[in-house]
Protein chains: 2
Amino acid sequence: MPSRNAPGRSRKSRNAARVLSEDLVVGIDLGATKVVSGLVASDGTIVRHSGYQLHANDGPEGVMEALVRSARALIGIDPGAPLSAVGIAVAAQVDPGRGIVVHAPNLGWRNVPLAERVSEQLRAPVTIVNDARAATMAEWRHGAGTGVDDLFCLSLGTGVGGSAVVGGRILEGGTHALGEVGHITVAAGGRKCHCPNSGCFEAYVGGWAIAERAREACGADPAAGRTLLSLAGNLPSITARTVFEADRAGDPLAVRIVEETERYLADGVVSVVNAFNPSVLVLGGGLVTGHPRFLSVAEGAIRSRCQPPAARALVRPAHFGEDAAVVGAAEFARSRTR
Amino acid sequence: MPSRNAPGRSRKSRNAARVLSEDLVVGIDLGATKVVSGLVASDGTIVRHSGYQLHANDGPEGVMEALVRSARALIGIDPGAPLSAVGIAVAAQVDPGRGIVVHAPNLGWRNVPLAERVSEQLRAPVTIVNDARAATMAEWRHGAGTGVDDLFCLSLGTGVGGSAVVGGRILEGGTHALGEVGHITVAAGGRKCHCPNSGCFEAYVGGWAIAERAREACGADPAAGRTLLSLAGNLPSITARTVFEADRAGDPLAVRIVEETERYLADGVVSVVNAFNPSVLVLGGGLVTGHPRFLSVAEGAIRSRCQPPAARALVRPAHFGEDAAVVGAAEFARSRTR
């Protein structure tokens, strides 16, 4: 997060000056278990944070109450501050044009008119957007993708997802689901995915899949994965994180699983870059932090295996971490009210 | 092509009326071996055709001369006709904004300022565009993709290629190469493609790959492919077309190759639809004509294997055949001068 590392004046006085002088927008990241809000300046800096936990049985009303409370906690300190807009990023299928959360499996929502409801309570224009698109907006405007019109953000975490900017616009798709590249087939007839398809990119490279593949391999040959097993404690506790740790410690089984994962990553990255032809491919998510070599693997695959016009795509690590959706949601709200 | 099948008045008198009354645009399809031009009305109907063969050693000058001759042959019959614009579709990497053919491997061109040169000679505004995008424009405006804002056109011929309309715009990509879905990896570690990648969609489903796979299988087991071999004459003469013919005749080897191809087609189509989330997937090219069952295979795969929001995509056969690029090039020129 830029504000944390900014040099010069102390963050406190700089931020106070911002609150009084700048056009501030609230960005909210509505996840499955918590709401995080930030007061975001036009340069993408978060000048103030607030967060609330959600409860499994909150329902739309309870969640909206938490959203409103979270936003008010930010602006309450200075009721006169020019709160021009609110943006909400949701881990869901979202129709930004109509302001509706079409389907949020984690929240159990269908067709919730979130923008209108929150707007009534906060008395400010509210924009809602899918969280992957919000993160892409943050990278595009203030992060690793600044300065280009064609960008693909690939997120490698428990799941694998993506979002594209093409010709200077973030793409939505026919049902607001464009960019689900975790579910392109990379291994015909391959491993069953959590989705209805088999052989998916995510079914090899997603965090859950790396863990699953390592558990299977360890079950079959515990001796080869001795270090991995001792790091994890036991077979069911193996995660992608412990696999990366064991790989660094030279565990032969973990080394093999990571090498295989790198090969599948290369297959998927070549597919994404040939299909979307980005100038920059941004790689983010916990797996990239856990195993930074994925960046050079991606770059090598693009240079050596993509179609010549696509092979020029640059690979960059994501600039934003957990704050990406907050910053991007605010940026969406800003672009809507401009 | 609509004009060929249009009911009512005879084509001749209808077309003559058009030449006198309508705003006509010339669309040109510049291929590797020939130039085809058409005078295109605003409803996408070609009212007049002309074609010239190209020669291997024509060079840019010779090709441009053929282009200009071909366009003049169309308008010469009525020099007073309001020729408002010319569009040229090229089987190449094309920068439409700068009017430059960046790289045309078949023609051996690099950075040819085609639009400006032809414009000088024809004294009309000239727009150039990649041929796959031109075909997509034709389908979108006047063919199988009318009425939607999110469309993917997948062409299954000797090669496999595509082009996308998202949010009401045809996508170009960072180096004008977006949509190269023939080169997404569907079989990790699989067959070598003609491109630098392996396991590509095209390396299984492209016409050349179907033929290559059938030849290999026939070489290994000539008895199983007896009908296929007799239809083709000999092993090297096996093509995708003869494989489809032998499949219809019940040849066991051809049946197996076609079934395998259908499975890879399903893998690739699921990838494309999950990645691009089109409302309509248009399938065109010689393989769809040769084996129409590909349409229902694609539809079945989308319904049963895509992510739920993407699984609603409709599959439609391409409306245009060989004329697609001519009609689409004219439509591009029309949209530029509007």
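Just after H9(B), Gly250(B) adopts a positive phi of about 85°. Helices here are DSSP runs of H or I with at least four residues, numbered from the N terminus. The model is predicted: local features need pLDDT of at least 70, side-chain atom pairs count only at pLDDT 80 or more, and totals for chains, interfaces and linings use all residues. Residues are numbered from 1 along each chain as its sequence is written, chains are lettered from A in the order in which they are written, and side-chain values use heavy atoms, with hydrogens and water left out.

Helix H9 of chain B spans residues 240-248. Its buried residues are Ala240(B), Thr242(B), Val243(B), Phe244(B), Ala246(B) and Asp247(B). Buried means under 20% relative accessible area, with a 1.4 Å probe and protein chains only. These residues pack against five helices of chain B: H7 (207-220), H8 (226-232), H10, H11 (286-290) and H12.

In chain A, Thr242(A) lies in helix H9, residues 240-248. Thr242(A) counts as buried because its relative accessibility is 10%. Leaving aside residues up to four places away in sequence, Thr242(A) touches Leu228(A), Leu231(A), Ala232(A) and Ser237(A). Contact means heavy atoms within 4.5 Å.

The two chains also meet each other. In this interface, 41 residues of chain B are in contact with 42 residues of chain A. The area buried between them is about 3300 Å², and carbon and sulfur atoms give 50% of it. Buried area is the accessible area (1.4 Å probe) that two parts lose on being put together, summed over both. Polar contacts link 25 residue pairs, both residues at pLDDT 80 or more. A polar contact is a pair of N or O atoms within 3.5 Å; within protein, one must be able to donate a hydrogen and the other to accept it, and residues adjacent in sequence count only if both atoms are side-chain atoms.

On the side of chain B that touches chain A, helices H10 (252-276) and H12 (293-305) are the elements that give two or more residues. H10(B) supplies the largest share, seven residues.

A rotation of 180° with 0.0 Å of shift along its axis superposes chain B on chain A, with an RMSD of 0.0 Å. This is the relation of a two-fold axis. Superposition is by least squares on the C-alpha atoms of residues with pLDDT of at least 70 in both copies. The copies meet through the same surface, because 100% of the interface residues of chain B are also interface residues in chain A.

Definitions and conventions
Buried < 20%, exposed > 50% of the residue type's maximum accessible area, 1.4 Å probe, protein only.
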